[in-house]
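This briefing is for a reader meeting the structure for the first time. Please look over the sequence and the model before reading on.

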Amino acid sequence: MGSADSKLNFRKAVIQLTTKTQPVEATDDAFWDQFWADTATSVQDVFALVPAAEIRAVREESPSNLATLCYKAVEKLVQGAESGCHSEKEKQIVLNCSRLLTRVLPYIFEDPDWRGFFWSTVPGAGRGGGEDDDENARPLAESLLLAIADLLFCPDFTVQSHRRSTVDSAEDVHSLDSCEYIWEAGVGFAHSPQPNYIHDVNRMELLKLLLTCFSEAMYLPPAPDSGSTNPWVQFFCSTENRHALPLFTSLLNTVCAYDPVGYGIPYNHLLFSDYREPLVEEAAQVLIVTLDHDSATSASPTVDGTTTGTAMDDADPPGPENLFVNYLSRIHREEDFQFILKGIARLLSNPLLQTYLPNSTKKIQFHQELLVLFWKLCDFNKKFLFFVLKSSDVLDILVPTLYFLNDARADQSRVGLMHIGVFILLLLSGERNFGVRLNKPYSVRVPMDIPVFTGTHADLLIVVFHKIITSGHQRLQPLFDCLLTIVVNVSPYLKSLSMVAANKLLHLLEAFSTTWFLFSAAQNHHLVFFLLEAFNNIIQYQFDGNSNLVYAIIRKRSVFHQLANLPTDPPAIHKALQRRRRTAEPLSRTGSQEGASMEGSHPAAPAEPGTLKTSLVATPGIDKLTEKSQVSEDGTLRSLEPTSQQSSADGSPTAEEPGQAWREQRRLSSASASGQWSPTSEWVLSWKSKLPLQTIMRLLQVLVPQVEKICIDKGLTDESEILRFLQHGTLVGLLPVPHPILIRKYQANSGTAMWFRTYMWGVIYLRNVDPPVWYDTDVKLFEIQRV
């Protein structure tokens with residue numbers, strides 16, 4: 001039958017379904033088979049031929065027919081999984097049912113009255129059809145998920161058959177060990193199967209259906225207690241699914257083994273359509289959704305720790321019941337870590353590949369999913385995190401992350417990408433090794449819209465952060481605390497900042513310490529505290545080698561004197577705020593010599609008007625996101641309880657942190673009738689007295705007269721001579737006793753777990769446009785907005 005006839009018959013069946021007012025019996029096979037038996041419709045056809053309005057009409061007006069359609073389609077998938085799909089006809093039926101369910105499921109989820117439908121048992125739906133059949137008790141959702149899992153390891157349909165001769169009966173699906181059919185070599189599997197276009201396409205259709213099953217989460221509003229687990233994911237990742245391990249491994253290996261460049265031949269992607277990429281993308285999306293697990297709230301033991309093979313570490317106590325999270329947290333072999341890290345770094349760096357031939361390499365689009373996956377790996381598997389930081393390979397993650405942050409800084413629709421990039425760097429910056437690795441010289445010339453500089457990866461990080469703060473859009477302000485926390489965390493380990501980076505840090509201090517900025521919001525002064533803390537760390541622990549920074553501090557010494565003499569009387573506060581109303585500029589761009597941007601770079605562009613974006617829940621403040629630890633003499637970390645009001649050597653209480661400070665400020669500042677926050681003298685005094693200026697004031701006191709003397713004696717106006725003097729200078733014995741190093745480490749909390757859930761589903765919603773699985777359905781987890 002021709003494709004046009006096939007579409008026509010399918011459309012006729014849909015019309016019959018929508019116009020029938022009487023329930024159609026489940027036994028009326030002649031009617032139901034029209035939907036899957038005789039048709040060859042692509043998933044795009046199914047979306048076009050089954051309009052949203054008609055699905056909703058059937059749902060409202062003849063619910064029993066919609067219920068029967070779903071039940072019959074699941075039944076066909078179960079039969080296909082049972083029989084092993086040997087004939088072409090069976091394969092076609094499975095694909096048709098899969099596409100139909102992908103189309104219909106979102107409309108089941110959007111209606112709260114229908115949400116329980118798949119979790120109910122259908123009378124007489126037992127596989128044997130007998131009344132006392134135990135299987136009667138299985139909810140439809142479970143039957144569907146188990147069938148999808150079986151079908152993903154179905155020889156000659158989604159995996160290569162291992163049987164050589166045709167005489168042999170087909171492989172028995174029930175005795176088949178799916179661990180021998182893992183899709184790709186990598187973690188726990190050495191054999192790379194021959195690529196097969198048809199298998200990839202079939203896997204992709206089934207994964208699309210699986211993702212649609214999981215997407216019920218999109219139809220529930222974000223709950224503050226994100227402990228609510230997704231029942232679809234929970235069941236699929238439990239011991240009920242005998243393919244959990246091979247499927248987890250298949251998804252992970254398919255993503256990490258993918259090389260989009262195509263064997264190094266330029267323009268290869270234009271000659272051969274890459275059918276692997278859509279599968280890799282789908283695999284990455286399914287993987288991050290199965291790993292949506294709030295590590296802060298749960299540590300439940302797993303039911304079964306026996307099926308893990310050697311790739312998983314058995315020594316650890318049993319992990320969470322979600323087997324995907326469990327397996328991920330127990331990967332432990334060096335070669336597996338290497339494979340995963342190399343794969344993710346290769347894919348993240350792909351958009352940065354600059355060649356002399358425009359469009360010569362294929363650009364992948366799923367970097368956001370990869371960043372979420374990398375986050376999950378580091379969050380759930382501490383051994384992986386330490387492996388990443390053990391060598392300079394971490395820089396292969398850092399550079400693309402900074403590239404994405406810099407590129408997205410002006411784009412309102414990519415604010416989620418900005419957050420995840422910063423969260424990853426915050427997580428890494430809690431480890432000493434990250435700061436140490438940043439000292440590696442930066443020689444890769446990735447074209448970025450930033451000033452040209454010669455220096456280290458630390459300089460790159462500071463220059464990009466400065467760009468984000470001074471020329472990003474307004475909605476990035478909540479991230480400033482995080483960006484500066486990262487700088488403070490790495491500062492004790494930075495051996496030598498370039499002049500460009502040193503000037504950028506002082507420009508930030510200048511911008512943040514203007515009176516109108518300090519007085520215009522309750523928390524703005526924290527940014528000054530962070531910068532001063534970073535300067536103190538570098539002066540106390542890395543003075544030798546940082547003459548550029550010392551010189552920049554001397555040149556901008558007036559900023560420190562102004563801070564020390566900050567006015568606190570009401571008229572001065574009032575005047576500062578008046579000045580602000582006249583200049584609406586968020587941060588002064590002046591006073592920072594920009595210099596030319598790198599060759600070949602494009603300016604960071606704002607979103608095209610009309611670009612779709614999804615809303616995000618607010619992220620917790622930095623005091624909730626992080627936990628303070630003190631670095632002991634031997635380099636180990638000691639957690640500082642928030643209750644301890646310790647004073648560091650320079651007299652500033654280390655606990656002067658957002659959490660406590662907030663309550664204090666609420667008390668000291670007056671909220672006017674309009675509910676607008678307004679600063680008071682007491683409030684300014686409460687934190688001005690704690691500004692950690694002692695170290696820098698002492699440095700200026702010692703060095704400024706010496707530098708001035710050189711200039712007068714030698715008639716110098718030349719920087720290099722002064723820098724040479726500073727390089728050989730020393731402040732040993734002249735500075736206050738070094739303060740203990742404080743690190744603010746990321747800590748898991750349900751606020752970020754909820755943020756990740758909304759971000760991840762928002763990305764999946766927007767990236768699935770062909771077919772548009774969730775488009776125009778009533779999602780509740782986020783709002784769809786236009787820029």
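The points below go from the whole chain to single residues. The model is predicted, and the protein has an average pLDDT of 84. Its 787 residues, of which 56% are buried, include 33 helices and nine strands.

**Whole protein**

- The accessible surface is about 32,700 Å² in total, and carbon and sulfur atoms account for 54% of that surface.
- Counting contacts between residues at least 6 apart in sequence, 78% link residues at least 24 apart.

**Confidence**

- A pLDDT of at least 70 is reached by 83% of the residues.
- Residues 298–309 have a pLDDT below 50, and this stretch makes 25 contacts in the model beyond near neighbours in sequence.
- Residues 643–666 also have a pLDDT below 50, with 51 contacts in the model beyond near neighbours in sequence.
- Where pLDDT is low, the predicted coordinates should not be read in detail.

**Aromatic residues**

- The protein has 34 aromatic pairs, counted by the distance between ring centres.
- Phe 31 and Phe 35 form an edge-to-face pair, because their ring planes stand at 80° and the cut-off for this class is over 60 degrees; their ring centres are 5.8 Å apart.
- Phe 31 is buried at a relative accessible area of 6%, and Phe 35 is buried at 2%.
- One aromatic cluster consists of Phe 109, Trp 114, Phe 117, Phe 118, Trp 119, Tyr 219 and Trp 232.

**His 243**

- His 243 lies in the loop that runs between α9 (231–236) and α10 (244–257).
- With a relative accessibility of 2%, His 243 is under the 20% limit and therefore counts as buried.
- Its side chain makes a polar contact of 2.6 Å with the side chain of Asp 150.
- Apart from neighbours within four places in sequence, His 243 touches Ala 149, Asp 150, Phe 153 and Ser 178.

**Helix α14**

- Helix α14 covers residues 334–349, which is 16 residues.
- From first C-alpha to last, α14 reaches 22 Å, close to the 22 Å expected at 1.5 Å a residue.
- The buried residues of α14 are Asp 336, Phe 337, Phe 339, Ile 340, Leu 341, Gly 343, Ile 344, Ala 345, Leu 347 and Leu 348.
- These buried residues pack against α10, α15 (367–380), α16 (382–390) and α17 (395–408).
- An α-helix has 3.6 residues a turn, so residues three or four places apart point the same way.

**Backbone exceptions**

- Most residues other than glycine have a negative phi, and most peptide bonds are trans.
- The peptide bond from Asp 770 to Pro 771 is cis, its omega being near 0°.
- Pro 771 sits in the loop between α33 (750–767) and β9 (784–786).
- Asp 776 is found in the loop between α33 and β9, and its phi is positive, near 65°.
- Asp 776 has a relative accessibility of 55%, so it counts as exposed, for which the limit is over 50%.
- Asp 156 has a positive phi of about 70° and belongs to the loop between α7 (140–151) and α8 (197–214).
- Asp 156 is partly exposed, with a relative accessible area of 46%.

Note on methods. Residues numbered from 1 in each chain as written. Heavy atoms only, no water. Helix = DSSP H or I, 4+ residues; strand = E, 2+ residues; numbered from the N terminus. Buried < 20%, exposed > 50% of the residue type's maximum accessible area, 1.4 Å probe, protein only. Contact = heavy atoms within 4.5 Å. Areas by Shrake-Rupley, 256 points an atom, 1.4 Å probe, with all protein chains shown as cover. Phe/Tyr/Trp six-rings, centres within 6.5 Å; stacked < 30°, edge-to-face > 60°. Polar contact = N/O pair within 3.5 Å; in protein donor to acceptor, adjacent residues only side chain to side chain. pLDDT = per-residue confidence, 0-100. Expected span 1.5 Å × (residues − 1).
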